[in-house]
Amino acid sequence: MAKPTKPVALSMEQIGELNQKLSTLRHDMNNSLSLIVATVALMRHRPAVTEQMWNILAEQPHIIGESFSQFSRDLEATLH
């Protein structure tokens, strides 16, 4: 995303939309991090499920990265 070269004025509606998108980003991030913590706790308490849980852990970086990428695309669209 290119940084604006001059000040950007946002309408109240645009600010509201960005706030909603930030809220969604926080929610998505919290979901992924909570899932990681819960999965690791389960793996500690029930080592027999460790093999099955690796896929859940392995998916989370991609999910988190995609959430940030979507927010970045939305922000760029709002600023242009």
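This report describes the fold, packing and surface of one protein chain.

## The model

The structure is a predicted model: local features need pLDDT of at least 70, side-chain atom pairs count only at pLDDT 80 or more, and totals for chains, interfaces and linings use all residues. Residues are numbered from 1 along each chain as its sequence is written, and side-chain values use heavy atoms, with hydrogens and water left out.

## Overall shape

The protein chain has 2 helices and 0 strands. Helices (H or I, at least four residues) and strands (E, at least two) are DSSP runs, numbered from the N terminus. The radius of gyration of the chain is 18 Å, well over the 12 Å that the globule rule gives for 80 residues, so the chain is more spread out than a compact globule. That radius is taken over C-alpha atoms, and the globule rule is 2.2 Å times the number of residues to the power 0.38.

Along its principal axes, the C-alpha trace spans about 55 × 20 × 15 Å. The chain exposes about 6100 Å². Carbon and sulfur atoms supply 60% of that area. Accessible areas come from the Shrake-Rupley method with a 1.4 Å probe; for residues, only the protein chains shown count as cover.

Helix H1 covers 12-45. Its 34 residues should span 50 Å at 1.5 Å a residue, and its end C-alpha atoms are 49 Å apart, which agrees. The expected span is 1.5 Å times one less than the number of residues. Helix H2 covers 50-79, and the buried residues of H1 pack against it. Those buried residues are Leu 18, Leu 25, Met 29, Ser 32, Thr 39 and Met 43. Buried means under 20% relative accessible area, exposed over 50%, and partly exposed in between (1.4 Å probe, protein chains only). An α-helix has 3.6 residues a turn, so residues three or four places apart point the same way.

Ser 32 lies in H1. It counts as buried because its relative accessible area is 3%. Ser 32 touches Gln 60, Ile 63 and Ile 64, not counting residues up to four places away in sequence. Contact here means heavy atoms within 4.5 Å. Across the chain, residues 24 or more positions apart account for 67% of the contacts with a separation of 6 or more. Buried residues make up 19% of the 80 residues.

## Salt bridges

The structure holds 2 salt bridges. A salt bridge is a side-chain nitrogen of Lys or Arg within 4 Å of a carboxyl oxygen of Asp or Glu. The side chains of Asp 74 and Lys 21 form one, at 3.8 Å from N to O. This pair links distant parts of the chain: Asp 74 is in H2, Lys 21 is in H1, and they are 53 residues apart. Lys 21 is partly exposed, at 29% relative accessibility.

Arg 73 forms a salt bridge with Glu 66. Their closest N and O atoms are 2.8 Å apart. Arg 73 is partly exposed at 40% relative accessibility, and Glu 66 is partly exposed at 36%.

## Loop and spacing

Val 49 sits in the loop between H1 and H2. Its relative accessibility is 12%, so Val 49 counts as buried. Val 49 and Ser 72 are 23 residues apart in sequence and 36 Å apart in space, C-alpha to C-alpha.

Gly 65 is in H2. It is partly exposed, at 31% relative accessibility. The C-alpha atoms of Gly 65 and Glu 76 are separated by 16 Å, with the two residues 11 apart along the chain.

## A nonpolar surface patch

Val 8, Leu 10, Met 12 and Ile 15 form a nonpolar patch on the surface. Together they have about 370 Å² of accessible area. Patches are made of residues with over 30% relative accessible area and no salt bridge: like charges are joined within 9 Å, nonpolar side chains (Val, Leu, Ile, Met, Phe, Trp, Tyr) within 5 Å. Val 8 is in the segment before H1. With a relative accessible area of 39%, Val 8 is partly exposed.
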